[in-house]
Amino acid sequence: MPRRTLHERYARLHKLGMQAANQLQAFVSPEQERPLWQQLSEELGEATQDIAALLLSGTWRTPDEEVDRRIAQLLQGQHLGEFGVDPFGYAPESLRVMVPIMDFLLRVWFRAECFDLNRVPEGRVLLIANHSGQLPFDGMAIGSAMLLEHEPPRIARTMVEKFATALPGFGDLVYRCGSVTGLPDNCRRLLENDECVLVFPEGARGIAKPFRERYRMTAFGQGFMRLALETNTPIVPIAVVGAEEQTINLGNLELLARLLHFPSMPITPGMAFLGPLAMVPSPVKYRIYFGEPMTFEGDPNDDEAVIAPKVAAVKASIQTMMDRGLRERRGYFV
Amino acid sequence: MVRKQSLVVITGVGGRLGQLLARRLHRQEGVQVAGIDRRAFPRKPVDVEHLRIDLRRKGAEELFRTRQVDVIFHLGVMHDPRKDTREHHTWNIRGTQQILEFAHRYNVPKVVILSTGDVYGPAGDNPSFITEDAPLLGAQRFAALRDLIAVDMTAQSWFWKHPEIETVVLRPAHILGATHNAVSNYLRLPRVPVLMGFDPMLQVLHEEDAVAAVLAAATPGVRGVFNIVGPDALPLRKLIEVAGKETLELPHVLLPAVVNRLFQMRFAEFPAAELDYIRYAATMDGSRAREVLRFRHVYGVREAVAAALRRDIFDGSVEGGRKSPRLRTTRF
């Protein structure tokens, strides 16, 4: 047997791999013309080029003057205590350190495209979005868009899952950036102060769903609707398209999750060799659709049966925008 | 028969707040003050009576039998996890029960009980504004708090058992001053331990403001439970910064086990359950006291912290000498 050069070995391996991939593709979806792996590698290549170009150009960074202006604007309407912190622990000045991270995630990593961002009205408003992607990068993206792209800048007060408050980092950074523990009382008080509150009514159920159930929203809680009725708050439905594919969840390890007091513990394909790093999201492209503000009237203490159609209307609006997003997109990464 | 004389009774008068309250009442309101406490009352004003007896013993009743008491200020609630738990428990519960019995038996129209904001307990799922009707979960992880909760509940049961008595329960935020309470001691540490990645919001209250709230609660016609909140809540690390102290960053993962072992061996000053106080927030809504009691705090965070740090020579005045005569009290 002749000695092969490294290049020859690689070429042979590549050929074998291609054959295997083609066979697999033929088995999985015989009708598709362009094989999935080819599509994905092309998209990833394009995404990598885009990311590299963005990073090199430096245009993704919000200029310092712009950051100053936006934070100054945030400070205006806010009731802050002697130490620049509101009673919920939010300190607008702390956002300054977060801006580069937000810039990077929003503009470089996810290259988020926001549609009809200007539909978010002034004054009190509830942002209601679908939740996905194993880790709440969708919340971060919406928050970043409201802070860095919306005029005037708003801080999205995110309602976070109660369990998360036991994690280090939540006690300081997350609260300083405007998030609050997800309790109806907190939400009511924020809305009465005319704040912009972001709620994911699917909660942990939605974010932790396995890959095969992507873009199928789970049941919505009714709490947000009761609060909207009680405080007379308009609702802006939001659909985030793209986040579903950032981390592939093959299933949840329920026993381990229960041991760690986590709501879920996803198994991802990369976990065997990457460990927790497998939770780093892949550079999918985010498309964020903002719907027309919806106002509802009625008794906040009505029966579930009366509240349910109102919740369904919000869900349907998100579904419509999500379908549009899925139709419009070229791929996962571009 | 001896003519009954009108007076107010302060239990726990030997404590820091008891002393401040006795001085204020004696000075400002010009009423006859009688204190009950086993502890000494150093540099006691001459016309303040001091009964050095245990509230649970018979002697205390004599005071109520012979004199007409107008108000009872029950400050004699002990909170010290280092004390024997049985003594701690009976002292607090039997003592409170006793004082309420006296009020009922000898027609005292008003009882003010100084409970604590700690009855709500720090937890990750607390709302940012805990109202007076929230459940008292303070003992869910910190068993030593269970008798303070029992005291609070006992006092609350008096609202319906004896509606003719105006019972007031006060739940103040963390009181800072020349006292030996957990927060003041914590801030006095040379390096103040904090947990990495946690920075809960805290509410502090100057001891003079706490006393002012107790006095406000004595207003005729007022009854019920009140959260007593001073200046705006601030993050823990900010408070330590105000105190001018360095922080000692500790990981929260293995710490409770280590601390508990050290506490058992009497090396650590506090049990691990107290770590929750520097991990989670328990901030209260003080609007009810502002509306009903018309309670307004006078001292800010900086003054409260200064009061806690200047404990050896405390002359009753805060920096700038606001509104208090120079009365030297002893060190604790």
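## Two chains, their contact and the sheet of chain A

In this predicted model, 20 residues of chain A are in contact with 22 residues of chain B. Contact means that the C-beta atoms of two residues, placed from the backbone, lie within 7 Å. Three elements of chain A each supply at least two residues to the side that touches chain B: α6 (170-176), β4 (180-181) and α7 (184-192). The most comes from α7(A), with three residues. By type, this side of chain A holds eight nonpolar, seven polar and five charged residues. Here Ala, Val, Leu, Ile, Met, Phe, Trp, Tyr, Cys and Pro count as nonpolar; Asp, Glu, Lys and Arg count as charged; the others, Gly among them, count as polar.

Residues are numbered from 1 along each chain as its sequence is written, and chains are lettered from A and ligands numbered from 1 in the order in which they are written. As the model is predicted, local features need pLDDT of at least 70 and side-chain atom pairs count only at pLDDT 80 or more, while totals for chains, interfaces and linings use all residues.

### The chains

Helices (H or I, at least four residues) and strands (E, at least two) are DSSP runs, numbered from the N terminus. A residue is buried if 20 or more other C-beta atoms lie within 10 Å of its own, exposed if 12 or fewer, and partly exposed in between; these C-beta atoms are placed from the backbone.

Along the principal axes, the C-alpha atoms of chain A fill a box of roughly 80 × 50 × 40 Å.

### The sheet of chain A

Seven strands of chain A form an open sheet with mixed pairing, in the order β1-β9-β6-β2-β5-β3-β4. β1 (113-115) and β4 of chain A stand at the edges with a single partner strand each, so one side of each has no neighbour in the sheet. Strands pair if DSSP finds at least two bridges between them.

β2 (residues 125-129) and β5 (residues 196-199) of chain A run parallel, paired over four bridges. Within this pair, Val125(A) has Cys196(A) as its bridge partner. Helix α12 (residues 304-328) of chain A packs on the sheet and touches β2, β6 (235-241) and β9 (287-290) of chain A; its direction makes about 35° with that of β6(A). That angle is taken between N-to-C directions on a scale from 0 to 180 degrees, with axes as lines fitted to C-alpha atoms, for helices over the stretch in contact.

β6(A) is mostly covered, with seven of its seven residues buried. Ile235(A), Pro237(A), Ala239(A) and Val241(A) point one way; Val236(A), Ile238(A) and Val240(A) point the other. β6(A) pairs with β2(A) in the parallel sense over four bridges, and Ala129(A) has Ile238(A) as its bridge partner. β6(A) and β9(A) run antiparallel, joined by four bridges. There, Ile238(A) stands opposite Phe290(A).

### The core

The largest nonpolar core has 162 residues; Leu127(A), Ile238(A), Ile288(A), Leu170(B) and Ala213(B) have the most contacts inside it. Helix α6 (residues 207-217) of chain B gives the largest share, seven residues. Such a core is a set of buried Ala, Val, Leu, Ile, Met, Phe, Trp, Tyr and Cys residues joined through C-beta atoms within 7 Å. Beyond its neighbours within four places in sequence, Leu127(A) is in contact with Ile142(A), Ala156(A), Cys196(A), Val197(A), Leu198(A), Val236(A) and Ile238(A).

Helix α9 (residues 223-231) of chain A has Phe224(A), Met225(A), Arg226(A), Leu227(A) and Ala228(A) as its buried residues. Their cover includes β2, α7, β5, β6 and α12 of chain A. Just after α9(A), Asn232(A) takes a positive phi of about 60°.

Phe110(A) sits in the loop between α4 (95-109) and β1 of chain A. Phe110(A) is buried, with 26 other C-beta atoms within 10 Å. Not counting residues up to four places away in sequence, Phe110(A) touches Leu105(A), Ala141(A), Val284(A), Lys285(A) and Tyr286(A).
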